[in-house]
Amino acid sequence: MVDWLAQYSGWLSYGSFFLVFAGTYAIIVLGLNLQWGYTGLFNVGVAGFVAVGAYTSAILTTPDAADRIGGFGWPVAAGWVAAMGVSGLVGLAVGAVALRLRHDYLAITTFGVAVTIQLLATNLQPLTGGTFGMQFIPKPLQGWLGTGLAWNLAYLALVLALLGAVYLALQTLVQSPWGRVLRAIREDEAAAESLGKRAFVFRLQSFVIGSMLMGLGGAVYAHFVGYIAPEDFLPILTFQLWAMLIVGGSGNHRGAVLGAFVVWGFWAASGSLLRGWVPQAEQARAAALQVALIGVLIALMLLWRPRGLVGETVAVSRSE
Amino acid sequence: MLQIVADGLVIGSVVSLGAIGLTLTFSILRFSNFAHGEFMAWGAYFALTALLMFGATEAGGPRAIAPFSFGWPLLAAAAVAAVLTALLVLALDSALFRRLRRQGAITLVIASFGAALALRNLLLYFYGGVPQYYSQELQIAVALLPRSVMGGLRITPDQLFVLGLAAVTVVGVHLFLQRSTLGRAMRATSMNPQLARVAGIDPEHVLRATWVIGGVLAAVAGVFAGLTVQLRPTLGLDLLLPLFAAVILGGIGSVWGAVIGGLIVGLAESAAVHVVGAEYRAAAAFVVLIAILLVRPTGLFAEKT
């Protein structure tokens, strides 16, 4: 009986772990979907925006530490709001530079932003802890719930509630006149401009809101794990998030969320298969193969099912 | 001071060669290819494999040509690498890019992104993450100028070789584009694809030629990067930002722009190493990129459109 209970709670613990990550990714992918799916903005630096959110919240909420700047002991909720704010500001700066230009430039600029943020996280040791990262990021309500399963489940509930709120807010947003303008600009910029809609302003707004959601996702991640380091925000994270959006189907919030859960499931399953089947010495090589698989997955989806699993709900008459 | 310039020119010549290929594919295939850095990395590793097959990596070796750390085997290996890289690029085009061409530039960018990820991690899978070298021999830098003249100037023979061959290659590409029929067809397609087609130019032929030239230049640049720095699976990823900065700085489609842009990026990186520290080297290309986007987003030598 006790064995059975232990096993049961083991599964529950793993399940809640898995779902918290999937839910966090879903929040970020929803932000990416607003940028790409609804506005056609190609952001290759998602990991950078996520890192900004994670580090902002971590720096503000951790207790004071002797060996680094920061550690302001703010409440976690305030840290999350600040994470959204700072990521949004980075988005504003990037967008102001790159959104007026042809769309490849945004891809290249965001790629550079992610590289630079990675560099700063690694080298601004007094602020970010350098390659060792930041520890003791507070886990909200841990004083009440302890460190065990109860806390995991409570955090899962929080993440899912947050995901639901973001989903509803975005759904309202894209169905509003503002959302219609976004799609109009994406499909035919000249026509939208001729109706007096300034494409640049709408694009910038969409880009900033998307960046804020990425920052929020980063903060949610940081406070769940309790530890962040530069290696958590490598380009592979950006690729995973893109795979989620492409597999799920961009331009559709349900697709974005579904993609996050499906791809994360695929990733976790292939990872545990590799760990189980591949001998210890070969694990680093096998991990490389796993990443290559994600790259192939993106390419295959583009070739065979460019609209993703769900695809965009066609709401208005389209020019094609 | 002079040393910063010399180091910058060596870095820059590698970036320039890569950037020429990137700017050609950018202007003729009309998308920013995030896999171009991986072509360079694959070229560098192809050369390593060829070299191993020639049995020429044993320390020193009588086959090294006097001042250099390498001999004919490396040059032969570079030629093999160029051919293999061109084939790899063509295979990738027919498997992926050609099928997506109708769907617009951004789909191609995403595809190149996925391709880059797969290519890079396959390198990691095949060769492992440990940095490798073409030769185990340590090369002593030769003092060209004593310390009393503007801080002095030291350079290795290999670096001089890279500078020289890069210059020859650039001139060769220039002559090819200006003088040969295929080169003219490529320039025409870059300026106006519809008009080029009306004039009887086969667009698929031009696209293939562009891929081959881009692949060959990438392989050469990759071998140079391996020769002057080291071989590692992230070689392509690390060079991607400098490449794009060089292409945009020079103006998309301009070969000389890419060369000048590459040299400027190289100088900026070298200056950053000396002034701010080596750990921020990668940010130099980003600063150059942002500056050009703010001041003159069409680049210094933009082709007229």
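The model is predicted: local features need pLDDT of at least 70 and side-chain atom pairs count only at pLDDT 80 or more, while totals for chains, interfaces and linings use all residues. Residues are numbered from 1 along each chain as its sequence is written, and chains are lettered from A and ligands numbered from 1 in the order in which they are written.

**Stop 1: helix α5 of chain B**

Keep α5(B) selected and highlight B:Asp158, B:Gln159, B:Val162, B:Ala166, B:Thr169, B:Val170 and B:Val173, which are buried. A residue is buried if 20 or more other C-beta atoms lie within 10 Å of its own, exposed if 12 or fewer, and partly exposed in between, with C-beta atoms placed from the backbone.

**Stop 2: chain B as a whole**

Select chain B, whose secondary structure comes to 11 helices and 2 strands. From the N terminus on, the elements run α-α-α-α-β-β-α-α-α-α-α-α-α. The radius of gyration of chain B is 19 Å, close to the 19 Å that the globule rule gives for 305 residues, so chain B is as compact as a globular protein of that length. This radius is taken over C-alpha atoms, and the rule is 2.2 Å times the number of residues to the power 0.38. Along the principal axes, the C-alpha atoms fill a box of roughly 60 × 45 × 35 Å. Buried residues make up 50% of the chain.

**Stop 3: chain A as a whole**

Now select chain A, with 13 helices and 0 strands. For its 320 residues, a compact globule would have a radius of gyration near 20 Å, and chain A has 20 Å, which agrees. The C-alpha trace spans about 65 × 45 × 35 Å along its principal axes, and buried residues make up 48% of chain A.

**Stop 4: helix α10 of chain A**

Select residues 199-225 of chain A, the 27 residues of helix α10. From first C-alpha to last, α10(A) reaches 39 Å, close to the 39 Å expected at 1.5 Å a residue. This helix is mostly covered, with 21 of its 27 residues buried. Step on to A:Gly226, which follows α10(A) and has a positive phi, near 85°.

**Stop 5: A:Val174**

Centre on A:Val174, in helix α7 (residues 149-175) of chain A. With 22 C-beta neighbours inside 10 Å, A:Val174 counts as buried. Leaving aside neighbours within four places in sequence, A:Val174 is in contact with A:Tyr38 and A:Gly179; two residues are in contact if their C-beta atoms, placed from the backbone, lie within 7 Å.

**Stop 6: where the chains meet**

Finally, show both chains: 33 residues of chain A are in contact with 35 residues of chain B. On the side of chain A that touches chain B, α3 (76-98), α4 (103-123), α11 (235-248) and α13 (283-304) each supply at least two residues. The largest share, 13 residues, comes from α13(A).

Conventions:
Helix = DSSP H or I, 4+ residues; strand = E, 2+ residues; numbered from the N terminus. Expected span 1.5 Å × (residues − 1).
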